[in-house]
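Please read the following account alongside the sequence and the three-dimensional view.

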Amino acid sequence: MEHSFSVIIIGGGVVGNAIARELSRFRLTVALLEKEPDVGMETSCRNSGVLHSGINYKPGTLRAKLAVRGNSMMDRLCGDLKVKIKRIGKLTTALDEDELPGIKRLMDQGTANGVPGLRVLESAEMRKIQPGVEGIAAVWSPTSAIISPYGLTIALAENAHANGVEFFLGREVTSIAKENDGKFTVKTACGETFTADVVINAAGLSSGKISALAGVAAGNNGESLRIWPCRGEYYVLDKRLDGTLKTLIYPVPGAKDAGLGIHLTPTVDGNILIGPSADYIPEDIPEDYCVTSPVLEDLRREGQKLLPDIKMSDFIRNFAGNRPKRTSPAEGGNGDFIIEEANGVCGFINIVGIESPGLTSAPAIAEMVRDIVANHMALKEKELFIAERPGFAGHFCDLPKEEQERLVKENPEYGEIICRCEKITKKEVRDAIENTLGARTLVSIKYRARNGMGRCQGGFCTPRIVRMLRDEYGFTPEDYLFREAGSNLFTGNVREGEDR
């Protein structure tokens, strides 16, 4: 089967979906191809969920420019898409005088980048913001924020879909060819063929591979497009500690750091994250999300040192996420983003090396890519672009009591709890199952409804969701997947009959 579009986007992470939503404003036919069975399954859902202010990036770089611009766009974007965001600010702290030059460097960079509201605080001022914080000085960046990274990615995708973008999930791209008529032919492992005038490579960890498929060996300035996957491991803490951290607290990063250092990060849903680590992994397994005992032990020790109130019983989960870095282990540090139309392959737009602050920069990257697409086709705005996503930010349990009572009267399923830890209702689970993209793995449902993210990690809600999928959606044992193809939960029924 052949599908024809104006634009094909390869990659369903936060950047690919931000581009999809931006292009959906115009009278174009747009397709997004994602190799996983849902959007946002890789780097975009496996990170700290921090919106950075822009103090950490060298002036004049794309990382600096796009972080500041993207950060400024987030309040309106999250308001339109019903995504939770909290502007809690950040303290980047110096523990001793040896780290004070790092404070000056961050202030100078942030000022040059146009980051608003920056101040250097002494220890007494720091403790007014965060009681008990250690250090002799800090950079205070009030525009730093926290967000649900998977919530934003899914919201961008579903809003883009509502505006006409077609999503093809579970489609791994296997070849890209520029034909004599100027169009691209893109083939997938499923045997489908797609054609388009413009192809956008937003494939994250696979962006180097996709560039090679298109015959693009290097960036326009000769830069390597090689991706070095770098794993960051995290611990998730129980909500018992919700409210302990009033702000983000980061150490002053060194010039060669692969990331921004291990820190404690509050989340919009009340948990605290410890991490990330930064360890390069083999290039042939960029999606290796294993966690490792030595690193987790380091995270536990570091977390309890930074927050002595942590008990062993507070560690409820761990996970890992991989950064698509452009710098090798020997080089260290961070390379700048590559966002450009490839020389010699007209209409192929490369987006390579989007590590942090990729989440923050996503809407600004989308604007930049939109302007490149405009060089190839007229962008005529739709009269009926749907800017807002229906529903409410957060979850039913976050609503005022009066609003909860009103919704229960309208739909009794709001009154039935499926996930006790997170207080997620049957209606919220149903909405997640019936998502417009058609993704129905257990992880897809979890990322939309938040079931299974509490203290028991799905022990109570998973059997109820399994039964719901069987009785109300006709699932057979073979239909249940945890995350991707091959992650089957069941091999069959233990017994046959009505009460199986």
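Helix 5 (149-162) gives the most to the lining of the second largest pocket, with six residues. Helices here are DSSP runs of H or I with at least four residues, strands are runs of E with at least two, and both are numbered from the N terminus. Helix 10 (426-433) and helix 11 are also among the elements that each supply at least two residues of this lining. The pocket holds about 820 Å³ of space, and of its 32 lining residues the closest to the centre are Glu-158, Arg-389, Pro-390, Phe-392 and Arg-448. On a 1 Å grid over the protein atoms alone, a pocket is an open set of points where a 1.4 Å probe fits, with protein on both sides within 12 Å along at least five of seven lines; lining residues have an atom within 4 Å of a point. The volume is the space filled by probe spheres set on the points, which are joined across faces, edges and corners. By class, the lining has 13 nonpolar, eight polar and 11 charged residues. Ala, Val, Leu, Ile, Met, Phe, Trp, Tyr, Cys and Pro count as nonpolar, Asp, Glu, Lys and Arg as charged, and the others, Gly among them, as polar.

The model is predicted: local features need pLDDT of at least 70 and side-chain atom pairs count only at pLDDT 80 or more, while totals for chains, interfaces and linings use all residues. Residues are numbered from 1 along each chain as its sequence is written, and side-chain values use heavy atoms, with hydrogens and water left out.

Asp-80 is found in helix 2 (residues 62-81). Asp-80 counts as buried because its relative accessibility is 16%, where buried means under 20% relative accessible area, exposed over 50% and partly exposed in between (1.4 Å probe, protein chains only). Leaving aside neighbours within four places in sequence, Asp-80 is in contact (heavy atoms within 4.5 Å) with Arg-21, Ala-387, Glu-388 and Arg-389.

Arg-450, in the loop between helix 11 (442-449) and helix 12 (461-473), has a positive phi of about 75° although it is not a glycine. Arg-450 also counts as buried, at 5% relative accessibility. The peptide bond from Gly-275 to Pro-276 is cis, with omega near -5°, and Pro-276 lies in the loop between strand 16 (272-275) and strand 17 (279-280).

Three strands form an open antiparallel sheet in the order 3-8-4. Two strands pair if DSSP finds at least two bridges between them. Strand 3 (50-51) and strand 4 (85-86) are the edge strands, each pairing on one side only. Strand 4 is joined by two bridges to strand 8 (residues 145-147), and Lys-86 stands opposite Ile-146 in strand 8.

The structure also holds nine aromatic pairs. Rings of Phe, Tyr and Trp (its six-membered ring) pair if their centres lie within 6.5 Å; planes under 30 degrees apart count as stacked, over 60 as edge-to-face and the rest as tilted. The ring centres of Phe-5 and Phe-168 are 6.0 Å apart and the planes meet at 75°, so this pair is edge-to-face. Because Phe-5 lies in strand 1 (residues 2-10) and Phe-168 in strand 9 (residues 166-169), the pair ties together parts that are 163 residues apart in sequence. Phe-5 is buried, at 7% relative accessibility.
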